[in-house]
Amino acid sequence: MTLVTAHDYAWIRSSPVFRHALENGYGLTLVRGVVPGDVLRAMGAEPQGTCTGVDALIEQHLHQRGETDYWDDSFIAGACTVPGTDGWTLILQFDGGVGMHSRFLEALSAGGRAVTHSTNGGAPIDLFHWYEAGELRTTFEGPTARYGSTPDELVPVMREIGFDLAEDEDSTGPSSDTKAAVLALTERLTGVRLTEELLKDAEYHLGHVPEEPAEEWTKVVIDITDAHGERFYAEVTREEAEAASARAREKAEAPIVVRGPSSPAP
């Protein structure tokens, strides 16, 4: 591991590439031991050739989004070999923050390691995930709320990097730039120094990743607590919800009967 800190990634705040990524949403993943073509196959992506440089990758993504009128969550992913490293592949996607799905990360890290971070743009949700041998070791949105099989293993390194790990949300630690700290943590785990030049000069293998199918739902949970502390809790199964919907539709479609004064009572 290198001694990189958040300060080494202060450049992202003056980077046109990262400004676009942070404003529009992105996912960046590093995987060890899996070549770009195999990465895209694991993601179920349809090959779309290659392009040189991150500007061309953004253009390809925008073209694809324009063709679908932005109606789905499919996206173009670019995967490239990181030169001078021990078999690391970088995957970059400007997908509005869809990010790398957990099942992809489990598969891609099965024989090694995968580290990913993402932002959904706008009022952002920033996520970090570290997978080892198919297992989620550490994940967080805010650095003080960590989950995974080893949520606290990275804490000493995070302190060195400059994360604010105080529980008080109003406190300010040694680094006020959590995103720069996340990139530094990624380098500590991978040894890959992310630079503007790397992103701009890379030859990306492109793949069109389809939208994830909607999960089948089995029940709806209603859990409401009012201003007086009274709680209403109910579980409605899918069968019950569909039956209630059918009854409501039948009632709405029933003919309206207008009764006169002499009509018999129903």
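Student: Let's start at one spot: which residue in β11 is the bridge partner of threonine 225?

Tutor: Arginine 231 is the partner of threonine 225 there. Before going on, keep in mind that this is a predicted model, where local features need pLDDT of at least 70, side-chain atom pairs count only at pLDDT 80 or more, and totals for chains, interfaces and linings use all residues. Residues are numbered from 1 along each chain as its sequence is written, and side-chain values use heavy atoms, with hydrogens and water left out.

Student: How do I read strand pairing in general, and what do β10 and β11 do?

Tutor: Strands of a sheet pair through backbone hydrogen bonds, in a parallel or an antiparallel way. Two strands pair here if DSSP finds at least two bridges between them. The elements themselves are DSSP runs, numbered from the N terminus: helices are H or I with at least four residues, strands are E with at least two. In this model, β10 (residues 219–225) and β11 (residues 231–237) are antiparallel, with seven bridges. Their hairpin has five residues between the strands, and glycine 229 has a positive phi near 85°.

Student: Which other residue has a positive phi, although it isn't glycine?

Tutor: Alanine 133, with phi near 50°. Alanine 133 sits in the loop that joins β6 (126–132) to β7 (135–140). For accessibility, buried means under 20% relative accessible area, exposed over 50%, and partly exposed in between (1.4 Å probe, protein chains only). Alanine 133 has 56%, so it counts as exposed.

Student: What is the strand order in the open sheet of nine strands?

Tutor: Read across, the order is β2-β9-β3-β4-β1-β5-β6-β7-β8, and the pairing is antiparallel. The edges are β2 (46–52) and β8 (146–147): each has a single partner strand, so one side of each lacks a neighbour in the sheet. For a pair within that order, take β1 (residues 26–32) and β5 (residues 113–119), which run antiparallel with six bridges. Threonine 29 faces threonine 116 in β5.

Student: Which helix lies across β2, β3, β4 and β9?

Tutor: That's α3 (residues 54–67), which runs at about 155° to β3. For such angles, axes are lines fitted to C-alpha atoms, for helices over the stretch in contact (heavy atoms within 4.5 Å). The angles run from 0 to 180 degrees between N-to-C directions.

Student: On to charges. How many salt bridges does a search of the whole structure find?

Tutor: The general idea is that side chains of opposite charge can pair when their charged atoms come close. The rule asks for a side-chain nitrogen of Lys or Arg within 4 Å of a carboxyl oxygen of Asp or Glu. The search finds nine. One of them joins arginine 188 and glutamate 160, with closest N and O atoms 2.9 Å apart. That pair links distant parts of the chain, 28 residues apart: arginine 188 is in α6 (residues 178–190) and glutamate 160 in α5 (residues 155–161).

Student: Are arginine 188 and glutamate 160 buried, exposed or in between?

Tutor: Arginine 188 is buried at 6%, whereas glutamate 160 is partly exposed at 49%. Another salt bridge joins arginine 193 and glutamate 187, at 2.5 Å between the closest N and O atoms. There, glutamate 187 is buried at 3% and arginine 193 is partly exposed at 39%.

Student: How many disulfides are there?

Tutor: A disulfide is a pair of cysteine sulfur atoms within 2.5 Å, and the whole-structure search finds zero. The sulfur of cysteine 51 has its closest cysteine sulfur in cysteine 80, at 9.7 Å, which is too far for a bond. Cysteine 51 is buried at 8%, and cysteine 80 is buried at 1%.

Student: Last one: how many aromatic pairs are counted?

Tutor: Rings of Phe, Tyr and Trp (its six-membered ring) pair if their centres lie within 6.5 Å; planes under 30 degrees apart are stacked, over 60 edge-to-face, and the rest tilted. The count is five. Among them, phenylalanine 128 and phenylalanine 140 are stacked, 5.0 Å centre to centre with 25° between planes. Phenylalanine 128 is in β6 and phenylalanine 140 in β7, 12 residues apart. Phenylalanine 128 is buried at 0%, and phenylalanine 140 is buried at 2%. Phenylalanine 140 also pairs edge-to-face with phenylalanine 163, at 5.9 Å and 85°. Phenylalanine 163 is in the loop between α5 and α6, so this pair ties together parts 23 residues apart in sequence. Elsewhere, ring pairs join Tyr9, Trp11, Phe18 and Tyr26 into a cluster.
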